[in-house]
Amino acid sequence: MKTNALIILTIVVAMFVNKIQAQVQVTGEITDVDGAPIPGATVIEKGTNNGVAADFDGNYSIAVSSYSSTLVFSSVGFAPKEELVGQRSRINIVLLEDSQRLDEVVVVGYGTQKKSDVTGAVASFSAADIEEQGPKINVLQSLQGSLAGLNVSQVSNNASQDDFNITIRGVNSITANNQPLIVLDGVPYSGGFNEIEQSDIQSIEVLKDASSSAIYGARGANGVILITTKKGKTGKPQITYNGSYGIQELYNLPPIMSGEEYWEFANERVGSDQVNSFPTLVENFNAGRSVDWVDLVTRSGQQHRHALKFSGGSDYVNYFLSAALTDVTGVAIGDDFQQVVARANISIKPLEWLEIGTNTQYTFQDNSGVPPDLSGNFTGAFFANPLTNAFDENGEIQLIPWPEEPLFGNPLANQNVIDDDIDRRLFSNNYVLIKLPFIDGLSYRLNTGYSIATRALGRFWGSNTIEGFRNQGQARTLNSEETDVLLENIIVYDKTFGKHNLNLTGLLSTQEIRREVRDVFSQRFPTEVLTYYQHDVAEVIVPNNTFSEQKFVSQMGRINYNFDSRYLLTGTIRRDGYSGFGQNNKFGTFFSGALGWNIHNEKFLEEIENINQLKLRLTYGENGNQAIDPFQTVSRLNERNYLGGSGNTTAPGYFPGTLATPGLTWETSKSLNAGIDFALFKNRISGSLDVYTTDTEDLLLERSISSVHGISNVTQNIGKTSNQGIEFLLNTININSEDFSWSTNFNIASNRNEIVDLYGDGTDDINNGWFIGESIDVNFDFLFDGVWQVGEDNSLQPDSQPGDVKIRDVNGDGVIDPDDRTFIGQRNPKYIAGLTNSFRYKNLSLSFSLFTQQGVTRVNPLYDTDIVFLDARLNTIMLNRWSEDNPINSYPANRNGTNPFDVRFYQDASFVRLRNITLAYDLPKDLLDKMGVSNLRIYANANNPFTFTDWEGLDPELVSQRDVPINRTITLGIDITL
């Protein structure tokens, strides 16, 4: 017995020893992409019940059975990750936020919802998405082509990157505002996107349909963009530094004629006798001198950005503090921009039921240095004669580069303007959140917003400028102030009863916006020493003060209900009051409703593993759009001063300017949206499809009236438009292996708008270019039909001669007259699309983004025929022109009068832009641990490197084709988290 017992004991001990010897101890740290620890993250040995949870600092320790074991790391809100143990004893893991997860929380206005419970059309853009796009001066540059239905178009280019046009699902109104409402940290925001430091942003949500945006009432009629900034996280304090340096370079400049090319052009157009009558032109041509004016007003730009952030928190206090500096030397001479943004997001929770917080941002912007429209005078540079003199013999700017033509000033002269331009904005959201203890799930939030924005402009034109030389000095000072005060009372009841979840939200809101501008312009000073500080001694003083005030009052109620995460219901009603309307219609009431069905949660789909989400959505709602300026509904007088009885003094005078319209009311948009959300194959393929239609009535339009009272038009609620579209979003994880991953995001949106009615009588408004049954932005003009050739029958245009512009006889009546004008495409794109591909190999990542607008037709003003004046004194671009030896059919001859009907040249302004390329490397965790650093990322980024288009101008996206060109930017940067 003893022997047998000894044998059994020996076997048991051997098995136990073997088991101990087979176990492998693995430790490590689990963090997010910012290096913040993820407390409570789970670590499980795959295929077993062996698992542990990370501690408060994200550290874990687990014993696994062998080196061939696989660990699965996961946490709510993050994509799970698997790692083979191999020969490693320490494995540090970075979990990525999983934008595909159905339990992801998204901001929906006055609250949040699980993505799976959202019934409206909402698009999201996360902090990780922003980071992937690389550093941008304006976060709108990252949003271009990123979200279906959101069209972000760059109108002009400057150092501050503050001129973008934003529309959501096209335009509904003909003349009223079509811009969306911007809400920053829960408060309506009127500042520029470039004032918000992009690395402070946690997420951006775009509310596109009426159900989603109805909670913001009338101001949400054109959609809502919600921006949420980062907050402190519970855990150890973090310090983050983001720094980058970039170089800006011009590209795609049109071929402006050189001095030699201009000489040949002018001689052919007006004859050598007239050209030789200008000694300056002759002298410079004979000497081989030519001025590249566009080159003189441009340069290589540069930009650098630095941001420092401190964040952390405990059970009682969370904080996020940041400061960022942006310094840009633009591609236009004199176009400089400096910005400092400071942010303090702090929440204090002294009691379980009480939270007090602030989200405060201060922005300082220095635009001093003369803006591009003055410093480079780009229009003047494109037109300036290349055979004139930019500088005198001493190298100084020559005010009159062409002495024989003193009306033409030097485009460079305004570089001598003294310019100080400072903007400041304090934007603060302060709140108190009380979870009322007597009813479980009931809470009250007092939400306040305060914003004050000021601008101080001082500008002086001295004798070394054209205006200063002609007017004995010229000065302007402008001081403006805008204050915005918001007070919101929000009560929420959120409760789950078994399978029933109910969320009720009530709102009472008031807001007041006041604007005041004090502007003084003066000329003729005794001295230049005091620059713009001497209005009091000027001979000519023109003051201009303006004041406006707007007030809003709103009440709102919303219900969100879902049963078993299968059947979803949302209903909203909101009553808005706006002081800008007349006494009869200051208030409007609007409602919306939405239904959702999570089909994937039904029992009949439970066993289909490849369907992770399948949700149907249907929404309908009405939104108002006030979109008129303060005092527009009251009768007003226009100022017209006159000389007094002595003839030496000015007396004030007034005359009727506008009629009162007390019945004026809201534009009303009625919108229907049907959508489907899907996710397949463990979320490897996901996306959404939305179809919508919006009918807008009671448009705010100016109607012509009899001018017997001295007033020729009045604003009325007349006209209707219709807007339809379709949007498709597709996200795919193409490859997801241990060392390599590849994901793709594709979105496309098509939109059509149509004028249904204008004045109730079925007639078009040709003067304004508005036509029933056509797009709001349709082109209507004569149609270029080629060039008259030698010997061709010109009976349609009997006064024409070979080389003249030929016009198409659209109606076929044998006569060219205004009835031959026709529709030539539209200025708004027929569809927009974006494509982003992201690759990751171990610690190396690469992403690139494409953005396209298609179906755009615009006038190319560089092709206008007589812009050089009758005597060819201005410059233009090189064009292939008709001649008897070159009988082309695309452009007329080089002479005056070839285009008597002023036919414009329309071109396809569609384009595909390679918008962004980012190459990044994240240092390995084991190396970071030795350095005592949580995260270190270095990257290179190219912004707007290439554009593919048939447009033959400066850029198909810019409004002006003789302005600051689009530039490409190459940036190097580093992100460090301690």
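A nonpolar core is a set of buried Ala, Val, Leu, Ile, Met, Phe, Trp, Tyr and Cys residues joined through side-chain atoms within 4.5 Å. Keep that in mind for the first stop. The model on your screen is predicted.

**Stop 1: the largest core**

Select L143, L150, F193, I204, I225 and I227. Of the 25 residues in the largest nonpolar core, these touch the most other members. Now colour the elements that give two or more residues to this core: β10 (122–126), α3 (140–143), β11 (150–154), β12 (164–168), β13 (181–184), β15 (201–207) and β16 (224–229).

Zoom in on F193. Which residues does F193 contact, leaving aside its neighbours within four places in sequence? They are N138, V139, L140, I166, I182, I225 and I227.

Next, select L250, A332, F378 and I397. They are included in a second, separate core, which has 22 residues.

**Stop 2**

Strands of a sheet pair through backbone hydrogen bonds, either parallel or antiparallel.

Now pick β15 and β16. How many bridges join β15 to β16? There are 6, and the two strands run antiparallel. Find I204, which stands opposite I227 in β16. Both I204 and I227 were on your list at the core.

**Stop 3**

Move to residues 24–31, which form strand β1. Its sheet is open, with 3 strands in the order β4-β1-β7 and mixed pairing. Select β4 (59–64) and β7 (93–94) at the edges. Each has a single partner strand, so one side of each is left without a neighbour in the sheet. β1 and β7 pair in the parallel sense over 2 bridges. Click T31: opposite stands V94 in β7.

**Stop 3: helix α5**

Select residues 259–270, helix α5.

Show side chains for G259, Y262, W263, F265, A266 and R269, which are buried in α5. What do the buried residues of α5 pack against? Their partners are α6 (272–275) and α7 (279–286).

**Stop 4: the cavities**

The structure holds 13 cavities of 30 Å³ or more. α4 (210–213), β29 (611–625), β34 (667–680) and β35 (685–697) each give two or more residues to the lining. The largest share, 4 residues, comes from β29.

**Stop 5: two single residues**

Select S509 in strand β25 (residues 500–523). Buried or exposed: which is S509? S509 has a relative accessible area of 4%, and buried means under 20%, so S509 is buried. Beyond four places in sequence, S509 touches L486, L487, E488, F552, V553 and S554.

Finish at L530, in the loop between β25 and β26 (540–563). L530 is partly exposed, at 45% relative accessibility. L530 and G571 are 41 residues apart in sequence, and their C-alpha atoms are 63 Å apart in space.

Terms used: Residues numbered from 1 in each chain as written. Predicted model: local features only at pLDDT ≥ 70, side-chain atom pairs only at ≥ 80, totals over all residues. Heavy atoms only, no water. Buried < 20%, exposed > 50% of the residue type's maximum accessible area, 1.4 Å probe, protein only. Contact = heavy atoms within 4.5 Å. Pairing = 2+ DSSP bridges. Expected span 1.5 Å × (residues − 1). 1 Å grid on protein atoms, 1.4 Å probe; cavity = no way out; pocket = protein on both sides within 12 Å on 5 of 7 lines; lining within 4 Å. Points joined across faces, edges and corners; volume = space filled by probe spheres on them.
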